[in-house]
Amino acid sequence: MTDYNKPIPDPDPYTSGPFWEGAKEGKLMLPRCEDCNRVHWYPRILCPFCYSRSISWFEASGEGTLYSFAVQQRAFAPGWAEEGPYVTCFIDLNEGDRMFGVLLDVDVSKPEDIFAKIGSKVSIEFVKANDDVHVPYWKLAS
Amino acid sequence: MTNPSMAAAIVGAAESDEIGFALSEKGTTNTQLHIEAINNVCKQVGISPREIEGVFSAGFTPQIAEYLHIRPKYIDGTAVGGSSFELHVHHALAAIAAGVIDVALVSHGESGRSARKNQGRGTGGRGGADPWAPGAAFSGGPYGGWGAPFNYAHAMTRHLHQWGSTKEDFAQIAVSARDWATLNPRAVMHSKETDPNGGPITIQDVLDSRLISWPLNLLDVCLVTDHGGAVLIVSAEKAHSFKTQPVWIAGAGESMGHWDMLEMDDLTLTSAVNSGKTAYQMAGMGPGEMELGMIYDSFTVTVGITVEALGLAPRGGFMELFEGGKSGPGGSGMPINTNGGGLSFSHSGMYGMMLLVEAYRQLSGTAEDGVHGIAGKQTSAQTAIVNGTGGSLSTTGTLVLVADQ
């Protein structure tokens, strides 16, 4: 057991198994359509662009850019409620489409500084919640 | 395909007996708020609930019909968030234009405040999300998501970045809403007597209010109240057979871009661009002909983004409509949210019904009856654009309404 105190994602092995397997090894696995070659997120059983059911997974760069963010001053869920202000973010992935997550290691008292980083490079970091689930977080590239 | 424009009119609009914060120790219930509002609108119009043929509500339709012994010919429970009621009007228009029904009821009752008081605060987390939906594993609770503000804040951040707008620009929207609330005695934020944060307020007050989710401050965020409302819609043939004046449905449209904000392409553009286009086309009118705006204001950012999507202001230029109080009482521009809006009047969780009620009052010349509005609230508008936004900037319903000539 770890001391991870946040709500833990509930992985669906059928639609997103490879993501969670990759997460355990610190790899960002993304789904890509074998017919139109586009990456989509969140994972689905078919491609939302061309509706092909030929989806394969590949190891992505784990990098993207900061599209937008907000500093959450309060929360109600266990773990987040005690966290104090934290930053949620939308990340445009290098390979296409967008993920939602938490941006670590930023000064929450200076949102203007984070604001200036919109469009900047970020990279993924997985945090172990339990033996099965490693949760994706994001950090600004130094 | 025939154009359903003007095939139906709203002939009455009313609220529940009381609205606002905790109304009694016991609080109110959803059924109570629905039924009070329906009873009030039927009395106003001079119609018996038994004459209602189509019943429309956000997921509460069978309960309403049963309670009132209505035997409907048309049942619609579309529940897509706070915009649901604008969609209901669109659906009722279509059903009436198709000749299926002549009399439709759209109602809403939601004890948002009482529910919060009685059951404690939201808990975040999964809440039994469908494992195939993004909320289970890839958005929301596990990543610090909570309530509604956390999501909308990202849209405001993006607008500030993409268009160079400022927090002051957004704050003016809240200031004008409070100014309108001072003319609405039923508004929760009517005055400092009704609430310490009541109207009037300044831009600085908004900026100085508690941060909720940067860049959203408390006064950028809507209220959580109890309220109910109802409107009656009838066919063109019947529009002049009641005690009240008709307000015509010239255009209607609905659309959506996403449900989870994770799937929203441009955080500064909603599907109002599409629902608005449909409504304008049906009406044969454009944004330049709109004289009143009733624009869903869950947050200041909701209004800013929506008026741009509807073509009332250029992309990135929403502030043109609001600066210096232009949209407020006695302002030089288009009056917007003349009841005080969800920011200052009442917001139960799904606010869209109140947009309809106020638009009806303004266009029927009844916005200043002393109870729902005092001197200065009635505008001279003969046309109105009404836009509901539901979910996380997700679903939109747009109506073009015109006064009876």
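This is a predicted model: local features need pLDDT of at least 70, side-chain atom pairs count only at pLDDT 80 or more; totals for chains, interfaces and linings use all residues.
Residues are numbered from 1 along each chain as its sequence is written, and chains are lettered from A and ligands numbered from 1 in the order in which they are written.

**View 1. The open sheet of chain B is formed by nine strands.**
Strand β8 (residues 247-256) and strand β11 (residues 395-403) of chain B pair in the antiparallel sense over nine bridges, where strands (E, at least two residues) and helices (H or I, at least four) are DSSP runs numbered from the N terminus, and pairing requires at least two DSSP bridges between two strands. Within this pair, B:Gly253 stands opposite B:Thr398 in β11(B). The order across the whole sheet is β3-β2-β4-β7-β1-β8-β11-β10-β9, with mixed pairing. Because β3 (74-76) and β9 (293-295) of chain B stand at the edges, each with a single partner strand, one side of each is left without a neighbour in the sheet.

**View 2. B:Ile249 is among the residues with the most contacts inside the largest nonpolar core.**
This core has 156 residues; a nonpolar core is a set of buried Ala, Val, Leu, Ile, Met, Phe, Trp, Tyr and Cys residues joined through C-beta atoms within 7 Å. A residue is buried if 20 or more other C-beta atoms lie within 10 Å of its own, exposed if 12 or fewer, and partly exposed in between, with C-beta atoms placed from the backbone. Not counting residues up to four places away in sequence, B:Ile249 touches several residues, including B:Ala8, B:Val89 and B:Leu401, where contact means C-beta atoms within 7 Å.

**View 3. B:Ser191 lies in the loop between α6 (167-181) and α7 (203-208) of chain B.**
Since 14 other C-beta atoms lie within 10 Å, B:Ser191 is partly exposed. Leaving out residues up to four places away in sequence, B:Ser191 touches B:Thr182, B:Gly198 and B:Gly199.

**View 4. Chain A and chain B meet in a contact that takes 31 residues from chain A and 32 residues from chain B.**
On the side of chain B that touches chain A, α5(B) gives the most, with six residues. Strand β3 (residues 63-72) of chain A runs antiparallel to β5(B), joined by two bridges, and B:Ser213 is the bridge partner of A:Gln72.

Conventions: Two residues are in contact if their C-beta atoms, placed from the backbone, lie within 7 Å.
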